Amino acid sequence: MNKDSLLYPLRNTHNTERDSAVWNWAQNSVVGERNQLKQPQNEAELQQLLRDSQGKVRVIGSRLSPGRMLCVNAEDLLLDLSAFNGIVAQDAESITFAAGTPLQQVFDTLTEQDRMLACSPGVIAVQTLAGAMATGTHGQGLAQSSLADEALRIRMVLADGSVREFLRGEADFPAAQTSLGALGIVTAITLRTQPFRLFTCHKFAVSADSLEQDLPAWNQQFELSKAWWFVDDNLMHVWNANPADESDVQAWYANQRDVIEHGDDTDSSLNDTIDQTLAQMHRDTQIHGKGGKQFRTVSRFRDFTDISGDIYQLFCRGIAVPQINVEIGVPLDKTPHIISKIKAWYAENHPHMHYPIILRCTGASDAWLSPAHQQPTCFFGFVVYYADDGSLSQDGLHFLTEVEKLLAAEGGRPHWGKYYDPQRYSWREIYPQWDAFRAVRQQLDPQRRFSNDYVTALFD
């Protein structure tokens, strides 16, 4: 098997419902067998399961991560914590959810209570709360960071079946915030909340000529900012959001708390670029006609307008489609230099662009293994969608490989729940608390029960 096949596996397109195998969500990797999958209904059952078993244990969550993160050997266990769902406790300024609660349920619950998280949501919300935290999931905006940075308390069952609660302010709390599932099994998370607010998102298209200066400026001027870079056409599609004014707030409530679109006129300046991008995606995926959900991720940029709504309505707008998704976080202060390097590299090589580059910036994270640890960070995101037959555009994959080289050389840190080449990174050099995390892991799981080949290669 060549290196590309390991990094970017082909997708199984057969119906796997009756398979004895357990596949990850993208169906590009088998993570175990169904007879290895256990579904404890409560914490006591989980504790007993750990006491009664000897092998290694991994939690599958929503199975969105690459298979290597989830995979176990034949004598090991896979855990499904979907029964760990819903509100456990709450007070005026915090709420505790069971670890297997999907993010969408978290967001809906908070909105119903006129509360919200201080952090911006990621693109999709089908992940479990614990899984999203464990992999460093983040949104956009320099005044916030990852989902894990909103945690006040993390309850975890350890390898011997005992329970440990990590509290914000404790020395090893930053290890538990983003743990890759390598310390124990999280069963509940307490999140700080804040009063509900609405935002108005201003959308526009602009040349990328001055992106080096524009991207930092947008992120300084607006509480939330996200941009798509259509490199072939040297164009940006930008969403900048600040708190909504009182008239927009009143209009939102009058509209049954649904999104408000501003003005009858829409901006069609990106339509030609969207059509070209869609045509390229159709060629790459061998899908003809209107095609599937992946095309809606781009076609929604056609005829755009400003909108007002809550933070989840505005930014949690992604469509979950099997894909190879690479996302690398780089220090914000190096971002203008890196953008210039990407421009120069593109001008020299004219690589195949399957999809626009996605740009999101966050503030520094407390979590030791967050890609934004200790530094404001710009995340560069890259996507290649699968064809209907499970194959991938080789030109698209070549682009992913080359751009990851460029970003890794600039001190980039990959998103743990997405795809990356581990050989490109010197973990101790880019994570100042790498050995501190390893020490906590040694203390909590000396027998390496919460491990697999992937975790062992990282830490041992």
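User: In which sense do strand 4 and strand 5 pair, and over how many bridges?

Analyst: This is a predicted model. Strand 5 covers residues 77–79, and its pairing with strand 4 is parallel, over three bridges.

User: Is Gln127 buried or exposed?

Analyst: Gln127 sits in the loop between strand 8 (115–116) and helix 5 (129–134). Leaving out residues up to four places away in sequence, Gln127 touches Ser62, Leu64, Thr101, Pro102, Leu103, Ala132 and Thr137. The cut-off for buried is under 20% relative accessible area. Gln127 has 14% relative accessibility, so it counts as buried.

User: At what angle do helix 12 and helix 13 pack, and how far apart are their axes?

Analyst: Two packed helices are described by the angle between their axes and the distance between those axes. Here helix 12 spans residues 335–349 and helix 13 spans residues 394–409. Their crossing is right-handed. The angle is about 140 degrees, and the axes are 11 Å apart.

User: Which classes of residue make the contact of helix 12 with helix 13?

Analyst: Helix 12 contributes Ile338, Lys341, Ile342 and Trp345. Helix 13 contributes Phe399, Glu402, Val403, Leu406 and Leu407. By class, the contact has seven nonpolar, no polar and two charged residues.

Technical notes
Residues numbered from 1 in each chain as written. Predicted model: local features only at pLDDT ≥ 70, side-chain atom pairs only at ≥ 80, totals over all residues. Heavy atoms only, no water. Axes fitted to C-alpha atoms, helices over the stretch in contact; angles between N-to-C directions. Helix = DSSP H or I, 4+ residues; strand = E, 2+ residues; numbered from the N terminus. Left-handed = near helix turned anticlockwise from the far one by under 90°. Contact = heavy atoms within 4.5 Å. Nonpolar A, V, L, I, M, F, W, Y, C, P; charged D, E, K, R; others polar. Buried < 20%, exposed > 50% of the residue type's maximum accessible area, 1.4 Å probe, protein only. Pairing = 2+ DSSP bridges.
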